[in-house]
Amino acid sequence: MNRLYISYFRRNNKYDKWFLYKFLLDMKQEIEHLQHPTSATRSGVHTRVCFKNSVHELFRIREFLSKVCYQCQIMNENFISELELCVHEACTNIILHGYESEQDMPIILECTIEKDKGLHIDLFDQATPFAPDPSQFLNYENELESGRGLFLMRELSDYLEFRPRKSKNSWNHLYIFKSLIGKEKK
Amino acid sequence: MKTHLNLEHKIKDGILIITFPYTQLEIGEAQNFKESCVSLIENNDAIKVVFQLENLQFIDSSGLGSFISILKMLRAKGGDLKLCNMSKAVRSIFEVVRMYKLFEIYPTQEDAIQSFQI
């Protein structure tokens, strides 16, 4: 596509505001698409893995997280199981409510461990941005059969932020932080 | 179409005791588990049920939803669902979502059965 633009410029050799705007916009989207999404450079042990949007991948995601924790000598089982459930719920939302019926779509999971501080999780996906309903965070003591996933995510993490994608080719970004401070080894 | 799970169960003093056979109950299996339990409950005309959960180590929001669904069904018939032998990991999830307020949870199967007789 860019070659087409270049040949257009060569052929016409003139300044076209609209065309230039369109060219820059397309370039921007293409760069966003080509660039692998990544979290900001954080210090610590960094691991990155890509999963498919299938509920059968959820077990692998949890396994990956527990492996990363053990490799970094985080032995607090409570911490690990809470982290696993939090990320499991986040990925379930992406698979079921984001990608819905789309198949073979990516979920990128980045995990950065800052020793003695905590664990940063960055989840990237290209699904339709899923805007959580804040009222759903409150469904815990009632007898509703659904709506606990978001509540669990909030309760099991120390910080949660969702940045929806801005264009079709960019990525949604869910950032989760779970602190290790004050959590004794068990 | 998924076939129903083959759940280990027994009836003691008119109470249906179901042993959960797997270590995980999550999105892929929660619906099937719920349907299998409902069919077992209906086939045995049971309204008093105990879930023995010693094997269960991981449960997600869908799994919790299936428990609530069965609880609601039984309470609507004047019965109840009680839980026992819960692992530490599952117990802590129940605490996070405050579901221990909805369910009666007992350390042993005998305690759960006895609670129905009070």
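Trainee: What makes the end-to-end distance of helix 3 (residues 58–71) of chain A agree with the span that its 14 residues should have?

Mentor: In this predicted model, the 14 residues of helix 3 of chain A should span 20 Å at 1.5 Å a residue, and the end C-alpha atoms are 20 Å apart, so the two values agree. The expected span is taken as 1.5 Å times one less than the number of residues.

Trainee: Which residues of helix 3 of chain A are buried?

Mentor: The buried residues there are Leu58(A), Ile61(A), Arg62(A), Phe64(A), Leu65(A), Ser66(A), Val68(A) and Cys69(A). As background, an α-helix has 3.6 residues a turn, so residues three or four places apart point the same way.

Trainee: Why is Gln73(A) called exposed?

Mentor: The term exposed requires a relative accessible area over 50%; Gln73(A) has 52%, and therefore counts as exposed.

Trainee: Why does Asp45(B) count as exposed, and what is its phi?

Mentor: With the cut-off for exposed set at over 50%, Asp45(B) qualifies because its relative accessibility is 71%. Its phi is near 50°, a positive value in a residue other than glycine, and Asp45(B) is found in the loop between helix 1 (27–43) and strand 4 (48–52) of chain B.

Trainee: How do you know that Glu110(A) and Arg48(A) form a salt bridge?

Mentor: The rule asks for a side-chain nitrogen of Lys or Arg within 4 Å of a carboxyl oxygen of Asp or Glu, and for Glu110(A) and Arg48(A) the N to O distance is 2.4 Å, so the pair is counted as a salt bridge. This pair links distant parts of the chain, with Glu110(A) in strand 2 (residues 106–114) of chain A and Arg48(A) in strand 1 (residues 45–52) of chain A, 62 residues apart.

Trainee: Why is Glu110(A) called buried, and why is Arg48(A) called partly exposed?

Mentor: Buried means under 20% relative accessible area, and partly exposed lies between that and the limit for exposed, over 50%. Glu110(A), at 0%, is therefore buried, whereas Arg48(A), at 35%, counts as partly exposed.

Trainee: What makes Glu114(A) and Lys117(A) a salt bridge, and is each partner buried or partly exposed?

Mentor: The N to O distance between Glu114(A) and Lys117(A) is 3.8 Å, which is within the 4 Å limit, so the pair qualifies. Glu114(A) has a relative accessible area of 17% and is therefore buried, while Lys117(A), at 47%, is partly exposed.

Trainee: Which residues are joined into one network with Glu155(A)?

Mentor: Glu155(A) forms a salt bridge with Arg154(A), the closest N and O atoms being 3.5 Å apart. Salt bridges that share partners join Arg154(A), Glu155(A) and Arg98(B) into one network. Glu155(A), at 32% relative accessibility, counts as partly exposed, and Arg154(A), at 37%, is partly exposed as well. Over all chains, the count by this rule comes to eleven salt bridges.

Trainee: Which residues have the most contacts inside the largest nonpolar core?

Mentor: That core has 73 residues, and those with the most contacts inside it are Phe51(B), Phe67(B) and Phe103(B). Its largest share, eleven residues, comes from helix 4 (residues 77–99) of chain A. Not counting residues up to four places away in sequence, Phe103(B) touches Phe67(B), Ile68(B), Leu71(B), Leu81(B), Leu83(B) and Phe94(B).

Notes. Residues numbered from 1 in each chain as written. Chains lettered and ligands numbered in written order. Predicted model: local features only at pLDDT ≥ 70, side-chain atom pairs only at ≥ 80, totals over all residues. Heavy atoms only, no water. Core = buried A, V, L, I, M, F, W, Y, C linked by side-chain atoms within 4.5 Å. Buried < 20%, exposed > 50% of the residue type's maximum accessible area, 1.4 Å probe, protein only. Helix = DSSP H or I, 4+ residues; strand = E, 2+ residues; numbered from the N terminus. Contact = heavy atoms within 4.5 Å.
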